[in-house]
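Please consult the sequence and coordinates shown below while reading.

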Amino acid sequence: MKGPVRNLHDLLALLADRGELHEIEVEADPRLEIAEIHRRVIAAGGPALLFRNPKGSTVPVATNLFGTTERAGLAFGDRPRQFVERAVRAAETVMPPTLGKLWGLRGLVREGLSVGLKKCKAGPVTEVEEAPDLTKLPALTSWHSDGGPFFTLPLVYTEHPETGKGNLGMYRMQIGGPARTGMHFQIHKGGGFHLHAAEQRGEDLPVTVFLGGPPALVLSAIAPLPEDVPELLLASLLLGERLPRVTQKPHPLVAEAEFAFVGRVIKGVRESEGPFGDHYGYNSLNHDYPVFDVERVFRRRAAIFPATVVGRPRQEDYYIGDFLQDLLSPLFPLVMPSVKGLWSYGETGFHSLAAAIVTDRYPREAVVSGFRILGEGQLSLTKCLILTDHPVDLRDFKAVLTLLLERADWRRDLFVVSQVSQDSLDYTGPKVNEGSKAIFLALGEARRKLPVEFSGALPGGARSVETFIPGCLVVEGEGYEAAADLAGTLAHHEEFADWPLLVLVDDAGEATQDTELFLWTTFTRMEPAADLHGRERPVDRFHVGIDGPLVIDARMKPWYPEVMAVDEETKDLVDRRWDEYGISL
């Protein structure tokens, strides 16, 4: 199709034309069955899915819209990347300004003038206005332990009660009744800041939630933008045209959305929300969160319900996140000049591990860059950060880790900052929202040749050992409850003295099966202040280092939530019905 993808119907038509859409006509249950079909299809690199007859609802369900690199590219198009690259080139070359340079930017200026918001009196989203009954919608229950059905692709719009500045975010919403949902406002998120400001004034927070619309809205809602940078403007930039909105109170409605739910988050009210199988691959537990009371519903006559399924990586959010990183990566050197490249690893849920190429022109300049990264918007949720001054493909984690292990002196090249906030979905810390961060430095020239094979004896409590890469051993040990001190034992074992890094796990074979499993196992099951061990922890000028080898205790701990797995009943149901779905993988 020519032109931007303006709505979900455009996207489905495009995917169908490219052979990237499979329609399922038989009845399928939004409770567990649809999610399991989705998981099997995305694991096989299969197509987007349109469920025409979800059980208990007349509204079709679309899933797996962005579940491959190619499909994400189709949905979001080439224009966003081209615009960002041109904008970066302009910023790098326009100073000092000359008539010729300014004339060369005329195309970019024209594009900039074509973006923004456009008022309209009506649109597809206002074809139907009705009282809310959320129980008639085919919201998915993805895992047997989930607390109920959830909106998993909601676009939540709020405005600051004092400044009027808008925020578009994506926060899961558990349906709690015909007109009530939970609102999973996490720390560090704009919607939560707006609610705090409203409650300080003794007021409810008006909220409008959209489903569907231009795919550019999805990117904008999850982009790590600085606070007060309007997501709707970014969506318009990505779309390449003004974003039409229907005049309505309390907020204008995105004209091309499938649904708009208008209501308010009630001041001072918190109710139990969850559990929910989340994108880290674990069952996030129930906690008290704000509630959203829906007052009116607007929708298309032929509305389609967009949904996704999250769980152990890689899921659909992995491909959206990687597309977004590719899109924004040219901007990082502009806003952080000493940062030449940055990558967050989706295999760890993105926030658990990132790596950056930085300048190190004077001693320890890299540390300044590290704190700059950890102070930037949602990047502040990063738990572990590897910094290097060497040109390396940051997506190649083995290459990045090799640079680190060749160079790091754990007494001075490891920085742990404790008593700080942590991602709400990361349960490795002592409390929800509390934890620590680690910065690892891979600077200068190599200081050691890395060992390749291990042939020594294992200490008591260690069952087996596998080499992940030269310099890194993965040790399978007894469970944490039986041998809590085993990490310290490994650090003092002389047979390991030449290995700079040991990772202690419950299953070494699984953790070394591939890079994806190593990343997921290691960095989603450790908290730096609690799980980094060595022979000693020397203190030098208030800096706490480690005498190597460095041991990461990445075993499951008793307080961790369970790893998400499909229940047998749902597995058997989908096995029995698979031929009915007509999916060829």
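## Packing of α13 and α16

In α13, F397, K398 and L401 meet T515, F518, L519 and F523 of α16, where contact means heavy atoms within 4.5 Å. By class, this contact has five nonpolar residues, one polar and one charged; Ala, Val, Leu, Ile, Met, Phe, Trp, Tyr, Cys and Pro count as nonpolar, Asp, Glu, Lys and Arg as charged, and the others, Gly among them, as polar. The model is predicted: local features need pLDDT of at least 70, side-chain atom pairs count only at pLDDT 80 or more, and totals for chains, interfaces and linings use all residues. Residues are numbered from 1 along each chain as its sequence is written, and side-chain values use heavy atoms, with hydrogens and water left out.

Two packed helices are described by the angle between their axes and the distance between the axes. For α13 (residues 397-407) and α16 (residues 515-523), the angle is about 55° and the axes are 10 Å apart. Axes are lines fitted to C-alpha atoms, for helices over the stretch in contact, and angles run from 0 to 180 degrees between N-to-C directions. The two helices are therefore oblique to each other; angles under 35 degrees count as roughly parallel, over 145 as roughly antiparallel, 65 to 115 as roughly perpendicular and the rest as oblique. Helices (H or I, at least four residues) and strands (E, at least two) are DSSP runs, numbered from the N terminus.

Helix α16 is largely enclosed by the rest of the structure, because seven of its nine residues are buried. Buried means under 20% relative accessible area, exposed over 50%, and partly exposed in between (1.4 Å probe, protein chains only). The buried residues of α16 are L517, F518, L519, W520, T521, T522 and F523.

## Aromatic pairs

How many aromatic pairs does a search of the whole structure find? The search finds 20. Rings of Phe, Tyr and Trp (its six-membered ring) pair if their centres lie within 6.5 Å; planes under 30 degrees apart count as stacked, over 60 as edge-to-face and the rest as tilted. Y318 and Y319 form an edge-to-face pair, at 5.2 Å centre to centre and 80° between the planes. Both Y318 and Y319 are buried.

The rings of W559 and Y560 have centres 5.7 Å apart and planes at 90°, so this pair is edge-to-face. W559 is partly exposed at 43% relative accessibility, whereas Y560 is buried at 10%. Ring pairs also link Y345, F397, F468, F518 and F523 into a cluster; F397, F518 and F523 belong to the contact of α13 with α16 as well.

E258 lies in strand β14 (residues 257-273) and counts as buried at 0% relative accessibility. Its side chain reaches the backbone nitrogen of I304 at 2.9 Å. Leaving aside neighbours within four places in sequence, the contacts of E258 include L8, H9, V125, L211, R299 and R300.

Strand β14 is also part of what covers the buried residues of helix α7, together with β7, β8, β11 and β17. These buried residues of α7 (residues 190-200) are G190, G191, G192, H194, L195, A197 and A198. After α7 comes G202, whose phi is positive, near 75°. In the loop between β7 and β8 lies E162, which is exposed at 55% relative accessible area. The C-alpha atoms of E162 and H194 are separated by 9.2 Å, with the two residues 32 apart along the chain.

## Backbone geometry

A cis peptide bond joins K249 and P250, with omega about 5°; P250 is placed in the loop between β12 and β13. The peptide bond from G548 to P549 is cis, with omega near 5°, and P549 is found in the loop between β29 and β30.

R364 is not a glycine, yet it has a positive phi of about 70°. R364 lies in the loop between β20 and α12 and is partly exposed at 23% relative accessible area. Q419, not a glycine either, has a positive phi of about 60°. Q419 is placed in strand β22 (residues 414-421) and is exposed, with a relative accessible area of 77%.

Terms used. Polar contact = N/O pair within 3.5 Å; in protein donor to acceptor, adjacent residues only side chain to side chain.
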